[in-house]
Amino acid sequence: FAGAYRYLAEELLNLFPKAQLFFTTASGLGYWQNSVVERRYRTAEQQRKCANLCAATLIDWSAEGQISAILTYPQGSGTEEDPYLWGQCTLTNADSTDLMHPTVTGGKKYGRLAALVIKQRFLDIYNM
């Protein structure tokens, strides 16, 4: 992540020198296999390091987003012969209907956290 984030930050700041950069960590939602939690947290840890290296403000959805991700898998193997049977298993919760996309409730949780971090960032700028 570090090289890609650095390149992205430099290019954006070249185009918009007065921009305030905000990075987010991975939300934790997604169709993962193997150790779901470990992979999500390792990814978020790297994203935190990148934000720090790029002097960007971090919106830490991984640690503070409080979105519910169920760790059950659908029936089926995902192949053409044995497709996932999404409608026959319980993947729905208040925050996501498919483990990938937040519902309105989940999106509002992310939005509130992002708004709080952005507000705090700009209040710090104006209170200097």
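Start by selecting Leu15, which belongs to helix 1 (residues 2–15); helices (H or I, at least four residues) and strands (E, at least two) are DSSP runs, numbered from the N terminus. The model is predicted, so local features need pLDDT of at least 70 and side-chain atom pairs count only at pLDDT 80 or more, while totals for chains, interfaces and linings use all residues. Residues are numbered from 1 along each chain as its sequence is written, and side-chain values use heavy atoms, with hydrogens and water left out.

Leu15 is exposed, at 61% relative accessible area (buried is under 20%, exposed over 50%, partly exposed in between; 1.4 Å probe, protein chains only).

Next, select Tyr5 and Phe23. The whole structure holds three aromatic pairs (ring centres of Phe, Tyr or the six-membered ring of Trp within 6.5 Å; planes under 30 degrees apart are stacked, over 60 edge-to-face, the rest tilted). Tyr5 and Phe23 make an edge-to-face pair, with 4.9 Å centre to centre and 85° between the planes. Tyr5 is in helix 1 and Phe23 in strand 1 (residues 22–24), so the pair ties together parts 18 residues apart in sequence. Tyr5 is buried at 15% relative accessibility, and Phe23 is buried at 7%.

Now move to Phe22 and Phe122. Their ring centres are 6.2 Å apart and the planes stand at 40°, so this pair is tilted. Phe22 sits in strand 1 and Phe122 in helix 4 (residues 104–126), so the pair links distant parts of the chain, 100 residues apart. Phe22 is partly exposed at 24% relative accessibility; Phe122 is also partly exposed, with a relative accessible area of 29%.
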